[in-house]
Structure formats: C-alpha cells, structure tokens
Amino acid sequence: MADNAAIIVIRETDNVGTVTRNVVAGESVSARVGNQTLSLVAASDIKFLHKIALKDIAARERIFKYGAVIGEATQRIQAGEHVHVHNIRSLWGKA
Amino acid sequence: MQLTGYRRPDGRVGFRNHVLVLPTVACANGVVNAICRRVPEAVMLPIDSGCGMLKEDQDVFAHTLTNLAGNPNVAATLVVGLGCEAFKPAQAEAAIARFGKPVLAIGMHDAGGYAATVEKGASLARELLNEVSGMAREPVSAADLVLGLNCGASDPASGLTANQALGKAVDLLVDAGGSAIIGETTECVGAEDEMAANAASPEVGRRILDTVHRFEDHVKMYGADLSTGEPNQGNMEAGLSTLEEKSLGCIRKIGSRPIADVIDYADIPTRKGPMLMDSPSYDAPSVTGIVAGGAQVVVFTTGLGTPFGMSIVPVIKVMSNTPAFKRMEDTADLNAGTILEGEETIEQTGHRLYDMVLEVAGGRTTKAEDLGENQCQIWRTTLTL
C-alpha cells in the first residue's frame, strides 16, 4: 500500500496536485490519479503542501483542485512547475 | 455491530444518557458547578450570558438553551437560575418540557440563597438521575444519527486529509439514511457557488447563497470584509494560493451528496441528509448551535490540535498530519496524516472514521470526554448592553 508518490491528487479532473514532502528541481515524482500513475519531473523546488502542475496549463486557464475551480493561471504554466500566487489568482467575486 | 441508543419521547435517539444541570444565566454557573461536584454523574454546560441582550440575541439565547436541553443525548434536565434573568428558570422549564423528557427548575432568589440552592439542586439532580438510570439502550440505526461537523486550528493538510476523510464518512452516513450538519458560514465564503451547485434543489441552492451573502453583508456593517487578507500570510506560506482553495478545503467535510437544507442557528433539522447551519466559524458557538440542533456526535477536524469538547456530546478529534497528531495525541482520536504518507487512501481513512463514529455512538468515549473538556457559547450577533 505504501508508496513514495510524493503528490496527492484529489480528483481526476484536477490539473494541480499537492506535494506530500519537500521536492527539489529535477526530481522525478509521481502521483496516483484514479488507477493511473502520473510521472513528472519537478521544474522547481516545491515545499511540502505546495502545489505542482500536473499538465501544461495555458494563461487564463482555470485551475482545478478538489474537482473545483480555485482560480486561474496568470501565465503559461508547464507540467512540473510550482503553482502558487506567482502564477495563479483568485476568481472569487470576479465571475 | 448493532447500533444502540436511547429513544426519546420526540422520536429522536440519544447516544448518551446524561442528566444536564443547565444555568439560565452566567450568575448561576457557580451554583451549577457546586451541584455537579456533589452529584458527579451529572454534567453541566457553562453559560456566558443570559442578560443584557437585545431582543434578537435574547431570542436566539432562549431558543439555543432550550434546544441544548432537547438534544437527545440529554435524558433529563435540571434548570438552575438566579431569578431576575431574561429567560427565567420556570420559562426554560416550560420550554424544555415540550420535548417530553423529565425537567425540573430552581432559582436562587426563590430557593433561599446560594447554599440552599446547591443543597436543593443536588437533591433534585439525584432525583433525575434515579429517574433515568433505568433507561436502557435499544437497537437503532445509523439513520437516527445526526453528525455535527466542525474544523478549527486548521492547516493546509486539513483539506487534503482530515476533511476529505470526514467527507467520505459523511457520504457513508448519508447513504445509510443519516444526517450531518456543517456550520461555519464564514468558511463557505469563496466556496458558496460550489455548495449551491451541489444543493438538492434550486431553492436550497438559493438559500445557501443568501445565507453566505447575508453574513458577508453583516460583517461589512463593521467596515470589515471576509475575503480581505484571505488566505492570510501564514496560509500562503503554507501553500494555499486563493480564497476559493482555502474554503473548498474546509467544505470537503460535508461530503459529496446533495445538500438537503439550510437551517438557522440552533434549529432542529426537519430533513435528512447533509445540511448547512448558519453559524460563525469560532469553535464554541459553532458547535453549540450544531448540538442544539440535535447532533449526538461531533467530528472536529484540526491541523494543529485543540482540546475542544462539550459535556453532552462526544467530540471525535481528527488530525490532518502525523507530526501534530504525535504532539497532541492526548487530545486527538484519529490521525488522517496517514493519507499524506501514502499509508492509507482517503477512502480507507473515511471508512475508519465512520466505524469510529458508530463505535462512539455505541458508547466508546472520546479523548475530550475522558478529559472532561466542556466548552459552550451561544452565538450573539449584536451588542451586550
């Protein structure tokens, strides 16, 4: 049962996951998404409980976590990049 | 395992059989504590008000106090007051009597002073204990269970582990015919659209939005804004990026089944399923409202840990991460940090939590019960005069 997936993904439709330990740039990490295992290379250092892009995300594309929209990308984000306030923003009250 | 409980005259089921000694005003807390020292089998709830309220708060106070005594975990109630408070012992007694359970009342002014009230109160409490001690558990079902949901001292793992596991446990309970009450309207700001979209009907969805917006407007009256500064600096350093992300993590607790209703503070549900109670996010008034609404078991998720408990209801503390669980293990009942470590899936932890809820309903005590933790605070939304 135990594995070193390093990324937790809540819904298959999510385009970001959360790292379950500190991850360093260039490190290979994986996530269990449904029954599949998704492998990524971290594009930057990512701290424990911070988010990682699971796929390439275009500017203005919505960010999904918990199967719900948590904001939008303010710039293009590559798979494996750290996802946080420097590249996504809230959509609340702006709908 | 067959679930058992105490069927009350109003049809609801208790999973504890407490004699409650209930103050009608803070002035009676001391006498109530003295009564409970003489009759240790009885429990009390501390009350921090009872006077000096505008009608709006006074009505909520009387309603909540009444419904706390109505909680099915309470077998019988001794009301203890001073005599000059707004909701007098005799009025409380009459209101509580509507639940059909034994209730007695005493007031200090009429009983002949402090010592006489303690003496007479202890004797009345013993009388009630004798009356309820013969009550036996009978077979009941999970459909009789109303689970209270709360979170406090959260961290960014809460939304990924503890709240996810609780959401799964709530789904299992709702599928078995039971109910769950989530409070903390303020924590829904940023997730209100998602909640409304998951409502059982457009009308319930509209009321979810109205309830959240009303709370926002109330806060704006004081020149504040619930969304400003959220997520806060600490949240951001810990990895939360947006208000939506923070709130969505919080409402994972309610699970995935359609939200059946929105109820006012301390109201007793008339529908089954998961529902939202309009309440603040501060632990004590939030859980007090939910318990007045009839929740017989509360699950409290926490990232940092809290001793929170309430005498008349078992509170199961679920921690979001293993390091904090180890630090606060003497206050916590279940560690959901196993999800982060890959030792368990959300599903597995959810099932483990659901099993624990049923065991606790069946009589297993929680850490908060063993510690004798007892917080109670009735929500006030206006001024103290």
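**Contacts between chains A and B, and inside chain B**

I'll start with the contact between the two chains, where chain A puts in 26 residues and chain B 20 residues; residues are in contact if their C-beta atoms, placed from the backbone, lie within 7 Å. This is a predicted model, in which local features need pLDDT of at least 70, side-chain atom pairs count only at pLDDT 80 or more, and totals for chains, interfaces and linings use all residues. Residues are numbered from 1 along each chain as its sequence is written, with chains lettered from A and ligands numbered from 1 in the order in which they are written.

On the chain A side, β7 (68-73) and β9 (88-89) each give at least two residues. Strands here are DSSP runs of E, at least two residues, and helices are runs of H or I, at least four, numbered from the N terminus. β7(A) has the largest share, four residues. By class, that side holds 14 nonpolar, seven polar and five charged residues. Nonpolar means Ala, Val, Leu, Ile, Met, Phe, Trp, Tyr, Cys and Pro; charged means Asp, Glu, Lys and Arg; the others, Gly among them, are polar.

Now chain B. It splits into domain 1 (18-132) and domain 2 (142-371), with bounds from an automatic or database domain assignment. Their centres, taken over C-alpha atoms, are 29 Å apart. Domain 1 of chain B brings 14 residues to their contact and domain 2 of chain B brings 13 residues. On the domain 1 side, α2(B) supplies the largest share, five residues. That side of domain 1 has eight nonpolar, six polar and no charged residues.

Last, confidence: the model scores ipTM 0.94 and pTM 0.96.
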